[in-house]
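Visitor: I have just opened this entry and would like a walk through some of its details. Could you take me through it slowly?
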Amino acid sequence: MDTMRDRFAPVVSRLLDEDPRVAVVLAEIGKDGFAGALRRHPHRVINVGIREQLLVGAAAGLALTGLRPVVHTFASFLVERPFEQVKLDLGHQDTGAVLVSAAASFDWPAGGYTHMAPGDVALLDTLDGWTVHVPGHPDEAETLLRHAVAAGDDKVYVRLSVQANRQGLAVDGERFLTVREGHAGVVVAVGPMLDAALAATEGLDLTVLYATTVRPFDTAGLRRATESAGTDVVLVEPYLAGTSTAAVSEALADVPHRVLGLGVGRRELRRYGTITEHVAAHGLDAQSLRERIGAFVGAGRASVGAGRASVRA
């Protein structure tokens, strides 16, 4: 199977051909994929070199002229390094762009910590008005890329990963999908975490929601799920653990609820290792997830069950 990033350049190259508003801004990384597009659209495919602050600043300038810039590099160089430009040039000036990252939390362990950004979504959460897409399959990445570029002049972040689920689903860039229904709690699996979450909850009486658009958070979808499954909620996110716990708490502010946020831990892993080893070290493999989810929901189910028994009695 090809990767999400394999889809990126062909999809955006076609969008360059289809829409004269679309422009691409690169910082050296990924330029080879746009060689053909550069020949066809030399004024709308721009490589600023290894200058990430300029990368975002140039995109904001293009947006001010009426273009729809698509900006691409590794997540650590796209969100963290030029964060002041993301905050001011895009946010403060109220200009839109589509930021498309690669490498995600630890997709290239050999690159070391400089090439990891598990805190990217949490960092964008400090800013106003961002849409955040986290596809879990190349087909979904293609859909969400097109959705992002077509989204007027909005500020959109598309987080691509080499980690992927086996099968893509029909996502719409807005709502969570109900993948499994249960009555003892809700698991929200984000992007490439779906397969592991489904394996971890096999045989458990849990509703599983699939989220590929996490901002805006699908409050209505979560509330509907809790009506039959109860208000114990587990988040399984491929980035910093707890990133969306505040969103869950806000969605359920008027009802008693519990939230468990699972994701990438804050502890820095100083050996390169492999992606699989990083996943296991952060407790995001199916077996670890099953143990953590089972312990959380099991404790809540025991207390709720006792309460229900007393009511029935």
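Predicted model: local features only at pLDDT ≥ 70, side-chain atom pairs only at ≥ 80, totals over all residues.

Visitor: Okay, how many residues does helix α1 have?
Guide: Helix α1, covering residues 4-18, has 15 residues, and from its first C-alpha to its last it reaches 21 Å, close to the 21 Å expected at 1.5 Å a residue. That expected span is 1.5 Å times one less than the number of residues, and helices (H or I, at least four residues) and strands (E, at least two) are DSSP runs numbered from the N terminus.

Visitor: Which residues of α1 are buried?
Guide: Met4, Arg7, Phe8, Ala9, Val11, Val12, Ser13, Leu15 and Leu16 are buried in α1, where buried means under 20% relative accessible area, exposed over 50% and partly exposed in between, with a 1.4 Å probe and protein chains only.

Visitor: And what do they pack against?
Guide: The buried residues of α1 pack against several elements, including β1 (22-26), α2 (35-40), β3 (68-74) and α7 (138-149).

Visitor: Take Arg7, then: what does it touch?
Guide: Leaving out residues up to four places away in sequence, Arg7 touches Asp2, Pro138, Asp139 and Glu142, a contact being heavy atoms within 4.5 Å. Arg7 is buried, with a relative accessible area of 17%, and its side chain reaches the backbone oxygen of Pro138 at 3.4 Å.

Visitor: What about Ser13, what does that one touch?
Guide: Ser13 is buried too, with a relative accessible area of 9%, and, again not counting residues up to four places away in sequence, Ser13 touches Gly33, Phe34, Ala37 and Arg40.

Visitor: Changing topic, how many aromatic pairs are there?
Guide: The count comes to 4 aromatic pairs, under a rule in which rings of Phe, Tyr and Trp (its six-membered ring) pair if their centres lie within 6.5 Å, with planes under 30 degrees apart counted as stacked, over 60 as edge-to-face and the rest as tilted. In one of them, the rings of Phe8 and Phe34 have centres 5.6 Å apart and planes at 75 degrees, so the pair is edge-to-face. This pair links distant parts of the chain, with Phe8 in helix α1 and Phe34 in the loop between β1 and α2, 26 residues apart.

Visitor: Are those two buried or exposed?
Guide: Both Phe8 and Phe34 are buried.

Visitor: How are the rings of Phe74 and Trp108 placed?
Guide: Their centres are 6.1 Å apart and their planes at 65 degrees, so the pair of Phe74 and Trp108 is edge-to-face. Phe74 is buried at 12% relative accessible area, whereas Trp108 is partly exposed at 43%, and ring pairs link Phe74, Phe77 and Trp108 into a cluster.

Visitor: Last one: where does Ser161 lie?
Guide: Ser161 lies in the loop between β6 (155-159) and β7 (177-180), and at 8% relative accessibility Ser161 counts as buried. The side chain of Ser161 makes a polar contact with the side chain of Asp107 at 2.9 Å; such a contact is a pair of N or O atoms within 3.5 Å, where within protein one must be able to donate a hydrogen and the other to accept it, and residues adjacent in sequence count only if both atoms are side-chain atoms.

Key
Residues numbered from 1 in each chain as written. Heavy atoms only, no water.
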